[in-house]
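Please view the model first.

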Amino acid sequence: MTMITRRGFLKTTIATAVAGSSLRVFSPSEAFGADTVLIPHASHYGPFKAVVQNGVLVGVQPLKNYDAMPTEMLLDGVVSRTYHPTRVKYPMVRRSYLENPRGDTRPELRGKDPFVRVSWDEALALTADAILRTIEEHGNEAIFSSSYGGWSHAGSFRPQVLQGRLFGLIGGHSVTTGDYSAGASQVSLPHIIGDMEVYSPQSAWETVMKHTEVFVLIGCDPWKNNRIEFTVPDHQMYPLWKKIRAAGVKFISINPQYTTTDEALDADWVKIVPNTDTALFLAMAYHVYTTGRHDQKYLDKYTVGFDKFLPYLLGKDADGTPPKTPEWAASITGIPAEKIRELAELFASRRTQFAGAWSLQRAHHGEMSHWAIIALASMLGKIGKPGEGVGFSWHYGGGGMPVSGKRGPVGLSQGRNPVKTRCPASRISEMLLNPGKEYTRDGSTMKYPDVHMIYNAGNNFVSHQQDTNELLRAMNAKVHTVVNQDPWWCASSRYADIVLPANTTLERNDISSGGTYSMDKVYALRQVIEPYGESLDDYEIFRRLGGMLGVEFGFTEGKTMMDWIKEAYANTDTEISFEEFWETGVADMSVPDEAREWVRHGDFYTDPQANPLHTQSGKIELYCEAFARFKMNECPPIPKFLEPAEYLGNAKPGQVHVVSPHPYMRLHSQMANASINKILNIQDREFALISVEDAKERGVSDGDLIEVYNDRGALIVGARVSDKIMKGVISIFEGAWISKDSKGRCNSGAINVLTTSVASSDLSQANSANTCLAYFRKCEDAEGPNRAYEPPRIDERETVSYQTDIAALTLEDRAFKARSAATEEMLPGEKLFYQRCTLCHVAREPSDHTVLQWYGITESMFPRAGLTDEERKLVMEFLEANAKDAAVK
Ligand SMILES: Nc1nc2c(c(=O)[nH]1)N[C@H]1C(S)=C(S)[C@@H](COP(=O)(O)OP(=O)(O)OC[C@H]3O[C@@H](n4cnc5c(=O)[nH]c(N)nc54)[C@H](O)[C@@H]3O)O[C@H]1N2
Ligand SMILES: Nc1nc2c(c(=O)[nH]1)N[C@H]1C(S)=C(S)[C@@H](COP(=O)(O)OP(=O)(O)OC[C@H]3O[C@@H](n4cnc5c(=O)[nH]c(N)nc54)[C@H](O)[C@@H]3O)O[C@H]1N2
Ligand SMILES: [Mo]
């Protein structure tokens, strides 16, 4: 096998840039003077003790034995962003909005207008009035929550849940369905293999170390992506990956770029044209079949539909496509046919674990990529054997750490949302542009609501949505009021009408768990400093808004945050008292020994009769009857290579493929304002990783500014020229904050001004962020410095003559009418479902899945939600009665 040696690489990689930076660090054993207090807290970046001097957070001390690899984000980023000038100090209203809140608010000036400082009462009254006017004029459906997920902070009381809880009490609002992360596979894989897979625990690492010979990373970068976690990371997998490597496991990385994982584990790099993994896996399947290396017994026992898949593989399908030979795939993937055969034979002859990441399915026809991997692994008879098989979450949540099976803390109930209109998470622009239009998702037909108000909390939708310019055009054409609740002047604050300053968890109390999958610790997030400026915590903001709308009690149930935190702790499987836990900041939960032997799909492999998969057939589906029934245009019933809307195979001369992976030094847009970004930024802007060949062709040198552009937009970034990315592909991390120059180009490097909003397919309606072509050239006309990380202009209240007469708005009376629909009682199972099972990464409504799919999904969902047997029964009854196919049951 051809090995790419490290010697040849240029020195402009992430690792070398980080090594050259100097950070002020408190070691875990540092001793402090009497003027200093240490307060336990925890974050997406790790658990820590906050070092506080005279009420000021001066540093962060990582916890010995609890963080195997503290990152720069923890050590320096947390402090740096807390006191950053981009904190929102006071409630703010966009000037033109405040001048005429019920009339022409000049939405075209969003992002350009100065903001005006107002009181909390005024900001919340304007918000409540906008909510009620929207309901009165257009119905509750017309309010849209873009708060699709929960990345805001690592605590249990996340803003999007609190938002759902409040709006449920006043008649509801339109919400999202699915997510950005794995939107395609979370719809397709339950049909194919009986679970979403993407949010499920992986085989325990010891089984890999003992049994695996070849570990295949497919667009998978656990070294980078496990730097953060949805809860609190402890980075325990990092030394274990090294152990696995030291045990002799060979790593192969199929990726257009050589990643941090590849470097750490010395992986062999197979360069692939983005969005063509399906073609590669089909060709390996072809080679395996035509050389008689497939395991027919395994196919017969564990799969259905191979007979319907085979004609396509051999070029005998009615669709008229050629045989999927290695030569056919070579022209698509850019991988030589000889290499494809070599890989297929290696995988056929060695105990192989396939680790597919989510990046590949955030693409046009993304569903096909994971399916093709499953098809090859099935033909090789691997799924469910120790050390072998498929896993789609190795890069996430400490995948590979053994699972405790214990109950961690959970926050408040999201409550019941009386409004049933939903928008797939990444279809925001399409929804705004097409009110009432029908769309399909997972075989059902639904309708987009007619939206006139957007309420966003703890999400950065102006940053995370693809094709930012389209989004802003759509939003400004019809949305009267945009409210954003966030601690910072992030993109969504900059483009909002009303900005409600939330404080960070450092400024209040919360509770969280450690290890997204392992769930073996509970952490206290204790208040560290006083709230910044006039910022309030999310619970308090919604409580006050609830007060104006007459539903304060329904929202709080008379409880304070501390009451809820204690309740959350009481429901965990920890063994120490709350007082002791709160004092030390952490409580451990033991992991049973047998968890160390756990193999994903192992039960199914051992006894498929007793442990069928939760697919329609109980087996792995290589032909999916449900898809055949759905008759979607873009999702055939077998895994096929379908040409993406944009890829190198249909690029115009000069175009490159732009991939936008998740950032090394940030969590999406979070931390982009922190000092640590200086380490990787170039000329204060985001950087693009560019191949030596592409740079040379365009006369670009390392460190130059370049302009990247297509029909959708343009941005300016710094060039990092490297031989760690293949020719024809450039890579720009998502999450830089947006700042437009006079020509409308993003002068900061926010990638989504370039990406397409085309849906992955009519099956999943997920995003296709990694399907993007663009041009680039050296930029000679950049306009001054990047101003994205400065606050906007702020005017004083006296400069605006409009006065808000809060009493005259009669908010409570109007709210009373609006909420009558919301008073129905919830069933116990319903309450548990909304309370414990819908925080993130799981479908929000029982009707999102069939009964059978729920049987599969709940296997990993129940333990994570920490339900007792009795509670599981109640939730299951609720799901059975309200599942997608409940009527036919
Ligand atoms: N091009 C491209 N685009 C992508 C992706 C990609 O790969 N490529 N990935 C997609 C994916 S998978 C995801 S998950 C999304 C991520 O998109 P988001 O989830 O929107 O990402 P974040 O930047 O983490 O946004 C969280 C927001 O919460 C705020 N916040 C932090 N703490 C608090 C708090 O205590 N209270 C409140 N109210 N707010 C708080 C932060 O300041 C930040 O603005 O992006 C998607 N977009
Ligand atoms: N440090 C950090 N870690 C994170 C996050 C973060 O913001 N920062 N976000 C978290 C979240 S919300 C999510 S959803 C996950 C995302 O997890 P993923 O979606 O799996 O990860 P990405 O970082 O987007 O991309 C990983 C790799 O995919 C490659 N890639 C892109 N397109 C293709 C393709 O078509 N084929 C192949 N073979 N490779 C391709 C890229 O070159 C990149 O190296 O990460 C999580 N972890
Ligand atoms: Mo994500």
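Ligand shells and a buried strand

The shell around ligand 2 takes at least three residues from each of domain 3 (185–403 + 596–630) and domain 4 (648–778); domain bounds come from an automatic or database assignment. This is a predicted model: local features need pLDDT of at least 70, side-chain atom pairs count only at pLDDT 80 or more, and totals for chains, interfaces and linings use all residues. Residues are numbered from 1 along each chain as its sequence is written, while chains are lettered from A and ligands numbered from 1 in the order written.

Q: Which residues come nearest to ligand 1?
A: A residue is near if its C-beta atom, placed from the backbone, lies within 6 Å. Of the 36 residues around ligand 1, the nearest are Ser-152, Tyr-180, His-464, His-668 and Ser-669.

Q: Is strand E17 enclosed or open?
A: Strands (E, at least two residues) are DSSP runs, numbered from the N terminus. Buried means 20 or more other C-beta atoms within 10 Å of a residue's own, with C-beta atoms placed from the backbone. In E17 (residues 453–457), 5 of the 5 residues are buried, so the strand is largely enclosed.

Q: Which residue is the bridge partner of Tyr-455 in E18?
A: Two strands pair if DSSP finds at least two bridges between them. E17 and E18 (residues 481–486) pair in the parallel sense over 5 bridges. In E18, the partner of Tyr-455 is Val-483.

Methods. A residue is buried if 20 or more other C-beta atoms lie within 10 Å of its own, exposed if 12 or fewer, and partly exposed in between; C-beta atoms are placed from the backbone. Helices (H or I, at least four residues) and strands (E, at least two) are DSSP runs, numbered from the N terminus.
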